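Subject: Structure for you to look at

Hello,

Here is the structure I said I would pass on. Please open it first, then read the notes below with the model beside you.

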Amino acid sequence: MMAAALSIGAAPEILLRFADPLRPAAAATIAELAHLGLPARILSGDRPEPVAAVARALGVTGEGGLNPADKLAAIKSLAANGRRVLMVGDGLNDGPALAAGHVSMAPGSAADASQNAADALFTPLPGPRLYA
């Protein structure tokens, strides 16, 4: 749950609460990837608290508050330890990390910089769809 304060003129400040729910198939998709031996990890520039909540809900490790250099360093560290990294990103600050991954993907709705840095673009299918 996130919140924003709103104040107009002399009126008292009110707190607006809102949530950005996970996609319905997110947890099942992450679980299927893990079953295939492909662990996931969240590297985000978003605030650490919401990132931690999403990571807990998905059962993965998550780090928030990262800048582009932090994401790039994490990917380079994984690669240096023999990992083959698939980077998925959609933000302006994901470009360097997308370029550093062994392979990278961005959604069709991603920032232009992410689309240009990614090896592949994807458009999610409507509704949950998993392959066994």
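In what order do the strands of the open sheet of three strands lie? Please keep in mind that this is a predicted model.

The order is 5-6-7, and the pairing is parallel. Strand 5 and strand 7 (120-122) are the edge strands, and each has a single partner, so one side of each has no neighbour in the sheet. On average, neighbouring strands here are turned by 25° against each other, with direction ignored. Strand 5 (86-88) is joined to strand 6 (residues 103-107) by three bridges, and the two run parallel.

The salt bridges

Side chains of opposite charge can pair when their charged atoms come close. How many salt bridges does the structure hold? There are three.

One of them is between the side chains of R41 and E63, at 2.5 Å from N to O. This pair ties together distant parts of the chain: R41 belongs to strand 3 (residues 41-43) and E63 to strand 4 (residues 61-63), with the two residues 22 apart. R41 has a relative accessibility of 39%, so R41 counts as partly exposed. E63 is also partly exposed, because its relative accessibility is 30%.

Another salt bridge joins the side chains of R47 and E49, with 3.2 Å from N to O. E49 counts as exposed because its relative accessibility is 52%.

In a further salt bridge, the side chains of D94 and K71 meet at 2.5 Å, N to O. Here too distant parts of the chain are linked: K71 sits in helix 3 (residues 68-80), D94 sits in the loop between strand 5 and helix 4, and the residues are 23 apart.

Are D94 and K71 buried or exposed? Both are buried. For D94 the relative accessibility is 7%, and buried means under 20%, so D94 falls on the buried side of the cut-off. The loop that holds D94 runs between strand 5 (86-88) and helix 4 (95-100). Apart from neighbours within four places in sequence, D94 is in contact with K71, M87, G89 and S114. K71, then, is both a contact of D94 and its salt-bridge partner.

The start of the chain

Which residues make the nonpolar surface patch of about 350 Å²? They are L6, I8, I14 and L16. I8 is found in the loop between strand 1 (2-6) and strand 2 (14-18). The relative accessibility of I8 is 60%, which means that I8 counts as exposed.

L15 is in strand 2. Leaving out neighbours within four places in sequence, the contacts of L15 are A3, A4 and A5. L15 can also be set against P48: the two are 33 residues apart in sequence, and their C-alpha atoms are 21 Å apart in space.

If you want a place to begin, find D94 in the loop between strand 5 and helix 4, and then look for its salt bridge with K71.

Regards

How values were computed. Residues are numbered from 1 along each chain as its sequence is written. This is a predicted model: local features need pLDDT of at least 70, side-chain atom pairs count only at pLDDT 80 or more; totals for chains, interfaces and linings use all residues. Side-chain values use heavy atoms; hydrogens and water are left out. Patches are made of residues with over 30% relative accessible area and no salt bridge: like charges are joined within 9 Å, nonpolar side chains (Val, Leu, Ile, Met, Phe, Trp, Tyr) within 5 Å. Accessible areas come from the Shrake-Rupley method with a 1.4 Å probe; for residues, only the protein chains shown count as cover. A salt bridge is a side-chain nitrogen of Lys or Arg within 4 Å of a carboxyl oxygen of Asp or Glu. Helices (H or I, at least four residues) and strands (E, at least two) are DSSP runs, numbered from the N terminus. Buried means under 20% relative accessible area, exposed over 50%, partly exposed in between (1.4 Å probe, protein chains only). Contact means heavy atoms within 4.5 Å. Two strands pair if DSSP finds at least two bridges between them. Axes are lines fitted to C-alpha atoms, for helices over the stretch in contact, and angles run from 0 to 180 degrees between N-to-C directions.
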